[in-house]
Amino acid sequence: MIMDFFWAFVVGGSICVIGQLLLDIFKLTPAHVMSSFVVAGAVLDGFGLYDKLIEFAGAGATVPITSFGHSLLHGAMVQAEEHGFLGIAVGIFQLTSAGIASAILFGFLVAIIFKPKG
Amino acid sequence: MITKDNYKQSIKSYQPKPKYFINCLKAFLVGGFICLIGQGLTVFYMEMFGFSTKEAGNPTITTLIFIAAILTGFGVYDKIGQFAGAGSAVPVTGFANSITSAALEHRTEGIVLGVSSNMFKLAGSVIVFGTVAAYVVGMIRYTIQTLF
Amino acid sequence: MKQGKQSWLFNNGVYIKGTATVSGPKERAGPLGQTFDYSYDDLYCEGKTWEQAEQNLLDQSIKICIEKSKIREDAIDLIISGDLLNQTVSSNYTARNYGNPFLGVFGACSTSMQTLAIGSSLVDSGNCDYVMASTSSHYSSAERQFRYPTEYGGQKPNTSTSTVTGAGSALISQERSSIQVEGATIGKVIDFGADDPLDLGSAMAPAAADTIVQHFTDFNSSPEDYDLILTGDLSSVGTPIVKKLAYQAGYDIENVHRDCGLMVYHSNQNTFAGGSGCAVSAVVTYGQIVQKLRSGELNKVLVVATGALLSPTIVQQKETIPCIAHGVVLKRVSES
C-alpha cells in the first residue's frame, strides 16, 4: 500500500516534470502542454501501454491530464468492439463524462457564487 | 553589434533564463503531491464505498475537480500555479482551473454570453485535441485489429 | 514649430499647470507610494468590474488634477486620453462624465507621452487654452484582455511584466508655471522581429533607442544635457538593451537613464521584470518627477514612454511585435 502511494507520487511528479521542461525549454504555453499530453495519453493507450502505467502507478497515472486522453480512446475502443467504426464516436465521451460534466458544473457554480480577486 | 537582422539572437544574452532545476523540482513536488491526494482519495472510495479500482477513478477525479474549482474561486489556485507551473497545470486540477477561471472571469458579461460561452476558452483545446486524437488512434487501431 | 525630422519645439511657452496620480494598493505599497495623490484599497477601486475600476482610477485622476490646477471644469478645451482596453473604453466612458471636447488615442504604454505631446502642441498652436492629458491602466482589465483570466493558474516567466493599476493626468496651458514642456519627439513604429508577448521589454527597446537617438539629433543635444532620461516600461530585460543600442549610435546614456517600470515596485512584490502599462510612465512622471522638478532636484528630464502595438489575435497569427516610443522634454523654469 505504501508502495502504491510512493509510485503515485513519483510517476505523477515525473509526468509534471516533463510538462515543466516543455514550458521552460520549448516555451510552450500551458494550453499547448496540456493538449500534447492528452494526445500522448491517447497514443500510449493505442499501444496498450497506458493501462500498464495505471496498474503500476495508480493515481500517478490517472490524475494527470494524460489519463483523459487514455479514457477517451479506451471508451471509443470498448464501443468499437461492439458496434464497429460507428462505435468509436459513441464511446469517446463515455469514460470521461464524469470528469467533463463535473468540471462544467463546478466551474459554473463557482462562477455564479464567487468574484475574481485579480 | 545588435542590428535588426540579428536582434532575436543578440538579445538572448539579456533574457534571464528560467530556473530550470528549481522549476522542475517544484513541479515534481506539487504534481506528485496532487497525485498522492488522488491516490488517497481512490483508497478512501474503495474502502468506504466498496468501489473497485476502476470504479473509484471517477469519484476521485470528480473530487479533485471540485477542490480545484473551489481553490480557484477563493483566488488561491493562481498562486499555486505560479509556484508549481506544470505541477498544477498537468494534473486534472489544471483542467478544472482553466474552466473555472474562465467562467469566473467572464461573469461580468452575464451567465449566457459571459460564463457559459467563455468557459472553454482555455480548456477547449484539450477536449478538441483529445477527441480528435482518440478518433484517429481509434480508427487506426480498429482497422489494424479487424485486418489482422 | 517643427524641429529636425521628428520633433516639435513649443516656442510659445507650454507649461504644466497641475498633475494628479492615482493608484491601486500594490503601487501604494511600492517605493513611490507616498508620491501618489490618491490610492484605492483594493483592485476593484470601488467599482463592480475591472473595467469600472479602471474608469474610477482615470476619473479620480482627472478630478484631482482639476482641483490642484485651480481651474473650472468647463474651462478645459480638450480632454485627450487613452488606455489599453479595446476601443479605449476606459477613456471613452470616463470622458462621458465631462462636458468637454474629447479625443481618444491609442499608443499602448506610450499613451502618457503621446497625449502630453499632442496636448502641448495644441496649446502651443493656440487651438486650446487648457488641455487635460490623461491615461490609465489596470492589472486585471489588461490581464483578462491580453493574457489569461485573472484566476488562471498558468505560470508567468521571469521576463514578463506586471501591469500597473493607476492613472495619471496633466493639465497643460500657456500659463507660466515652474515646469515647462519644452518639446517632444514623435516616434516611428519599430519592429525588430521580437515575437514573445511575455517579454515586451526587449520588443520595445529598439523603439525607445530610435526615439532617443532621433531626439538628440533633432535638438542637437546629448545625454549630458539632461539630468534624467526616463523610459516607460522597458523592465529589467529591455533596460540594458536600450543602453547598448543608444551606445552603438554614439550616445552613452548609462549615467542618466532610469526606467519607470523598475521604480514603481519593490523587488519582493512579485512583479517579475518590473511594472508596465499606460499608467506606469504617467504615475512616475506626474508624481515623483514633477515633484522633483518643482523642488529643483531635477532640472531637465526627457521622458520616453514606450508602447507595444500588438493584439492577442495578431500575435496568435504568428506576427511579430511592432513598438513605438514618444519622448517629451520637461524643464524647470522660474515661475515669472
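A: Helices are DSSP runs of H or I with at least four residues, strands are runs of E with at least two, and both are numbered from the N terminus. This is a predicted model, in which local features need pLDDT of at least 70 and side-chain atom pairs count only at pLDDT 80 or more, while totals for chains, interfaces and linings use all residues. Residues are numbered from 1 along each chain as its sequence is written, and chains are lettered from A and ligands numbered from 1 in the order in which they are written.

Q: What is the helix content of residues 85–114 of chain A?

A: That span is 80% helix and 0% strand, with its end C-alpha atoms 44 Å apart. Residues 56–73 of chain A are 78% helix and 0% strand, with end C-alpha atoms 20 Å apart. The unreviewed UniProt entry places "transmembrane region" at both spans, and also at residues 6–26 and 33–50 of chain A.

Q: At what angle do the axes of α3 and α6 of chain B cross?

A: Two packed helices are described by the angle and the distance between their axes. Here α3(B) (residues 57–73) and α6(B) (residues 92–105) come within 8 Å and cross at roughly 40°, in a right-handed crossing.

Q: How many residues of chain B are in contact with chain C?

A: There are 29, in contact with 24 residues of chain C. The largest share of that side of chain B, 7 residues, comes from α6(B).

How values were computed
Axes are lines fitted to C-alpha atoms, for helices over the stretch in contact, and angles run from 0 to 180 degrees between N-to-C directions. A crossing is left-handed if the near helix is turned anticlockwise from the far one by less than a right angle, and right-handed if clockwise. UniProt positions are given in the numbering used here, feature names are shortened, and annotations may be inferred rather than shown by experiment. Two residues are in contact if their C-beta atoms, placed from the backbone, lie within 7 Å.
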